[in-house]
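Trainee: I'm new to this one. Could you walk me through it in plain words?

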Amino acid sequence: MANRSRTMEATLIPGDGIGPEITEAVLQVLEALGAPFVWDVQQAGTTAVEAGLDPLPDATLESIRRTGLALKGPLTTPSSGGYRSVTVRMREAFDLYANVRPGKTIIPGRYDNVDIILVRENLEGLYVGREHYIGVGADPHAVGVGIGINTKEEAHRVIRYAFDLAVRLGRKRVTVVHKANILKILSGVFLEAAQEVARDYHGRVTLDESIVDACAMQLVMAPERFDVIVTTNLFGDILSDLIAGLVGGLGLAPGANIGDKAAIFEAVHGSAPDIAGKGVANPTALLMAVGMMLDHVGETAKANHLRAAILATLQAGEKTRDLGGSLRTPEFAQAIIRSLQKPRRCQG
Ligand code: NAD
């Protein structure tokens with residue numbers, strides 16, 4: 001039994017699709033690590049609907065309100081049917097304005113020196129859900145209209161978070177990614193806010209500016225040039241998947257949704273319905289999200305221990321199918337537990 005010096009309550013939403021499988025693997029690893037979390041297990045998404053509840057039940061909201069801390073498995077959002085993303089609703093409910101998505105090379109090979117932290121504005125832009133159809137003739141869906149909204153106030157808040165994160169982690173450059181050459185107002189507001197915030201960090205952190213299409217190419221050509229990226233909601237969603245691809249795929253990419261009163265940690269990937277129930281899903285992204293959660297609550301030594309065990313396991317060639325290995329999800333969890341139990345110097 002691992003050493004657990006303090007405990008704290010946190011909400012756990014296993015999610016659907018591969019969610020329950022990877023959550024089970026994560027819980028086994030955390031038990032071996034001696035993580036401080038005492039879980040209040042709650043439902044959301046498809047599992048809640050199947051139980052006759054709202055996709056985001058009151059009990060789940062109440063739990064997160066109380067604990068201020070949650071680990072969330074992926075939740076399926078049907079593309080049609082007027083069903084609003086539960087993940088997006090949660091971000092709004094708890095004012096989780098910064099979505100932090102680190103992309104760091106774990107398995108050298110494709111790109112060896114990637115170490116980027118992407119901070120995505122999490123509440124505005126084209127995600128505000130102001131959409132409607134305009135009917136033409138017999139087709140009520142002839143035209144689709146979506147409105148994007150970016151406010152200066154929200155942009156300041158998330159860009160300041162990115163600069164403060166850079167200072168805290170000793171990073172020197174923040175790149176604001178935009179499309180202000182075309183979306184002069186919607187994207188221009190965000191760029192303007194970045195230029196205003198950057199003045200307060202003069203001499204400590206430099207602001208770079210990059211247009212999103214050029215940024216996508218540069219990320220593929222020379223990702224090691226990027227340090228911290230801050231961008232609007234949709235660009236952040238797309239670029240963080242791109243960065244995940246640079247460092248080994250979605251199975252390795254964690255994310256944190258940060259607000260002033262709550263924080264929700266998750267994998268960047270979705271519910272992977274194509275492999276759900278097959279026992280082959282990679283739990284690394286959710287484990288790395290727990291690493292971020294441990295950092296968030298000040299358990300840095302345990303976070304580093306966990307990351308070192310994941311790294312050693314993968315570098316020893318013990319991998320799930322998505323990374324070219326053959327281990328099933330529970331076997332991979334056991335490999336990490338064995339690695340946790342080996343003495344080694346912790347690394348960040
Ligand atoms: P996805 O991320 O679920 O899957 C994309 C591909 O990556 C699939 O081939 C899948 O098998 C693979 N993959 C993803 N995670 C993996 C893992 N841990 N191990 C091994 N392979 C993995 O994306 P999708 O198919 O576009 O979305 C499926 C559902 O998930 C949709 O309903 C979508 O709305 C939802 N989604 C939820 C979240 C969230 O809850 N935060 C995020 C993204 C997508």
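Trainee: Let's start with the rings. How many aromatic pairs does the count come to?

Mentor: Bear in mind that this is a predicted model. To pair up, two rings need their centres within 6.5 Å. By this rule, the number of aromatic pairs is three.

Trainee: Take tyrosine 97 and tyrosine 161: is the pair stacked, tilted or edge-to-face?

Mentor: Their ring centres are 6.2 Å apart, with the planes at 85 degrees. Planes over 60 degrees apart get a label of their own. So the pair of tyrosine 97 and tyrosine 161 is edge-to-face.

Trainee: How many residues apart in sequence are the parts this pair ties together?

Mentor: Tyrosine 97 sits in the loop between helix H4 (86–93) and strand S4 (98–104), while tyrosine 161 belongs to helix H5. The pair therefore links parts whose separation in sequence is 64 residues.

Trainee: And is tyrosine 161 buried or exposed?

Mentor: Its relative accessible area is 15%. The cut-off is under 20%, so tyrosine 161 counts as buried.

Trainee: What about phenylalanine 163 and tyrosine 201: is that pair stacked, tilted or edge-to-face?

Mentor: Here the centres lie 4.8 Å apart and the planes are at 35 degrees. Stacked needs under 30 degrees and edge-to-face over 60.

Trainee: Where does tyrosine 201 lie?

Mentor: Phenylalanine 163 is in helix H5, and the pair ties together parts 38 residues apart in sequence. Both phenylalanine 163 and tyrosine 201 are buried. As for tyrosine 201, its place is the loop between H6 and strand S9 (206–211).

Trainee: How many residues of the contact of H5 with H6 are nonpolar?

Mentor: On the H5 side, the contact includes Val158, Ile159 and Phe163, and on the H6 side Val189, Phe190 and Glu192 are among the residues. One residue of the contact is polar and four are charged, while the nonpolar ones number ten.

Trainee: Last one: are H9 and H10 roughly parallel or antiparallel?

Mentor: The axes of H9 (residues 284–296) and H10 (residues 300–315) come within 7 Å, crossing at roughly 160 degrees. The crossing is left-handed. Angles over 145 degrees set the label, so H9 and H10 are roughly antiparallel.

Technical notes. Residues numbered from 1 in each chain as written. Predicted model: local features only at pLDDT ≥ 70, side-chain atom pairs only at ≥ 80, totals over all residues. Heavy atoms only, no water. Contact = heavy atoms within 4.5 Å. Helix = DSSP H or I, 4+ residues; strand = E, 2+ residues; numbered from the N terminus. Nonpolar A, V, L, I, M, F, W, Y, C, P; charged D, E, K, R; others polar. Axes fitted to C-alpha atoms, helices over the stretch in contact; angles between N-to-C directions. Parallel < 35°, antiparallel > 145°, perpendicular 65-115°, else oblique. Left-handed = near helix turned anticlockwise from the far one by under 90°. Phe/Tyr/Trp six-rings, centres within 6.5 Å; stacked < 30°, edge-to-face > 60°. Buried < 20%, exposed > 50% of the residue type's maximum accessible area, 1.4 Å probe, protein only.
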